[in-house]
Amino acid sequence: MAEIEIDGAPADPARLAALGLLNYGHFTTLRAEAGRVRGLELHLDRLVRDGRTLFAAELDRVAARERIRAVLPADGAPVIVRVTGYDPELGLERPGGPARPGLLVTTRPAPTTAPGPLRVRTAAYRRELPEVKHVGLFGLVHQRRLAQLDGYDDVLLVDPDSGRVTEGATWNVGFLDGRRLVWPDGPSLPGVTAALLAGAYDGPQSREPVEASGLDRFAAAFAVNAGVGVRPLAAVDGTAFDPAHPVLAELRAAYQGITADVV
């Protein structure tokens, strides 16, 4: 059963409503299984960093870890945990007041089977504060909805000024050119899963500009996030990729081999 807590107590409807009404906050999403999380310290680093950016406040890492531990299933079943930092006392009229953000922690069942390859289309869009994992998701959800209404699974963002690929709607993206793993260089969220994978994979890799108009130079492409790990892309717009490329299996194995941290 899903859990919803605010600062360790059952969620109060009025405090929940405050997040919906103001929609100002930040979060991280992680997958927990058997009481362990890959990259837990990186997720906590993100919460600390984004809390400073949005609220000029210091997150209590120990308390955040305790809040995560408290909502994990006793049987160790895999769950997706979302930790959201926001201040229910801030209002639309005076968001510049002193902030004392709390933590909203929610869970939902995690997928137990690997999802199929994604077919995505590109969209010229840049998130506000792309380096922050913030709760302002309207633009991303709208772009994802438009893509799905047009027959695609999801959307790949392209910087409107440079025409370069940056990130997926809720995932980072990587490409394989036959020799190297290529991470796009541009304004995007520094993903925890992407960082873990880059550190675990021992093949050649680089970070460089990736032109949306030149994706046919790549043999394969993939999405990465904490919920699914490594997920192949079957196509971007009219460019097809090999979802069974052997290096994708190497990447999945490298990610699965990362030791998860005890919460």
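Modeller: Gladly! Buried means under 20% relative accessible area, exposed means over 50%, and partly exposed lies in between (1.4 Å probe, protein chains only). This is a predicted model, where local features need pLDDT of at least 70, side-chain atom pairs count only at pLDDT 80 or more, and totals for chains, interfaces and linings use all residues. Residues are numbered from 1 along each chain as its sequence is written, and side-chain values use heavy atoms, leaving out hydrogens and water.

Biologist: Why is Glu 208 called buried?

Modeller: Its relative accessible area is 18%, and the cut-off is under 20%, so Glu 208 counts as buried.

Biologist: What makes the link between the side chains of Glu 208 and Arg 180 a polar contact?

Modeller: A polar contact needs N or O atoms within 3.5 Å; within protein, one must be able to donate a hydrogen and the other to accept it, and residues adjacent in sequence count only if both atoms are side-chain atoms. The Arg 180 pair lies at 2.8 Å, and a second polar contact, of 2.7 Å, joins the side chains of Glu 208 and Ser 206.

Biologist: Which residues is Glu 208 in contact with, leaving aside neighbours within four places in sequence?

Modeller: With contact meaning heavy atoms within 4.5 Å, they are Arg 180, Val 182, Trp 183, Pro 184, Asp 185 and Arg 217.

Biologist: And what does Leu 251 touch, not counting residues up to four places away in sequence?

Modeller: Leu 251 touches Leu 176, Leu 181, Leu 197, Tyr 201, Phe 222 and Val 230.
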